[in-house]
Amino acid sequence: MKKIAAGVLDVAYKETGPEDGLPVLLLHGFPYDAHAYHDVARQLAGKGLRCIVPFLRGYGPTRFLSEETLRSGEQAALGADLVALMDALSIESAILGGYDWGGRAACIVAALWPERVRGLVSCGAGYNIQNIAKAGLPVSPEEEFRYWYQYYFHSERGRAGLAANRREFCRLLWRLWSPTWAFGDETFDRSAVAFDNPDFVDVVIHSYRHRFGGIAGDSAFAEIEARLAKQPDITVPTIVLQGADDGVDPPQAADRDVAHFSAFYERRIIAGVGHNLPQEVPGAFAEAVLSLL
């Protein structure tokens, strides 16, 4: 475990592989943590790559540097955090990989700062940049049903529920989103420690309220949010991985995201895999990264 001041955060991260190896930044989602990439990082390090796996804002040992900073979970904050970490580590460019929140951060940097990205592995939603202007438009009832937890978080009851039952709540999401993944207590407990972060609840609640336009973002990221509102294309080589059994973001027969990618692009749907793809099938994730070399 290492720490470094980056932007508004003191970022905790795991580093595996040679210091002079090609850098790969791997980013976890909600409600997971850096342990999701343990096996992926080990496999990539064995190929000579330098793997950096940070704990996102609100997770694990990562802390805000100031009590005055808004505990924002908005997408622009996640993208800015990633750029700040790359700057702090003097990484000019890297391969980025992520899913859920981490996939969103990776997509944002690939879209807005393509010169910093050698390649992108995006899991779940391939184009993971939120269209907040259209967030109020309804989708199919089946899809709305899968987002029940997001609507729950819009209420103060939801905030209180997450605060009081964060481990039980997150374990339920693990089960629902990866119904064919037989994870054990040890695996979950190892990651659940990250949810004890004092900013976890505030960051999570802000994230889900902001994405629907229900709460203001951090003014420090207004310019980034304005750029993201234009739904910019991603112009770096990309491989999208999707678990066929993903319980929250199942792959569609027609690829609705491909139009947002203008460089090399490939979508791979993996049978028997749910939402936490890098931890469920680390070999497939590592192979996708290596394919971009």
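Which residues have the most contacts inside the largest nonpolar core? They are F30, Y59, L96 and F285. That core has 97 residues. The model described here is predicted. A search of the whole structure finds zero disulfides, while the count of aromatic pairs comes to 30.

**Nonpolar core**

- In soluble globular proteins, nonpolar side chains tend to be buried together.
- The largest core here holds 97 residues.
- L96 is among the core residues with the most contacts.
- Neighbours within four places in sequence aside, L96 touches L25, L82 and M86 among others.
- Its contacts also include A106, V109, V117, G119, L120 and V121.

**Cysteines**

- No disulfide turns up anywhere in the structure.
- For C51, the closest cysteine sulfur belongs to C123.
- These two sulfurs are 14 Å apart, which is too far for a bond. A disulfide needs the sulfur atoms within 2.5 Å.
- C170 is in no disulfide either, as the nearest cysteine sulfur, again that of C123, is 19 Å away.
- C51 is buried, with a relative accessible area of 0%.
- C170 is buried too, and its relative accessible area is 0%.

**Aromatic rings**

- There are 30 aromatic pairs in the model.
- One of them joins Y149 and Y208 in an edge-to-face arrangement.
- A pair of aromatic rings is described by the distance of the centres and the angle of the planes.
- For Y149 and Y208, the centres are 5.5 Å apart and the planes make an angle of 75°.

**Arginines**

- R227 lies over the face of W113, at 5.7 Å from the ring centre.
- R116 is in the loop between α3 (101–112) and β7 (117–123).
- Is R116 buried or exposed? R116 counts as buried because its relative accessible area is 14%, and the cut-off for buried is under 20%.
- A polar atom of the R116 side chain lies 2.8 Å from the backbone oxygen of I91.
- I91 is also listed among the contacts of R116, sequence neighbours within four places aside.

Key:
Residues numbered from 1 in each chain as written. Predicted model: local features only at pLDDT ≥ 70, side-chain atom pairs only at ≥ 80, totals over all residues. Heavy atoms only, no water. Core = buried A, V, L, I, M, F, W, Y, C linked by side-chain atoms within 4.5 Å. Buried < 20%, exposed > 50% of the residue type's maximum accessible area, 1.4 Å probe, protein only. Contact = heavy atoms within 4.5 Å. Phe/Tyr/Trp six-rings, centres within 6.5 Å; stacked < 30°, edge-to-face > 60°. Lys NZ or Arg CZ within 6 Å of the ring centre and 35° of its normal. Helix = DSSP H or I, 4+ residues; strand = E, 2+ residues; numbered from the N terminus. Polar contact = N/O pair within 3.5 Å; in protein donor to acceptor, adjacent residues only side chain to side chain.
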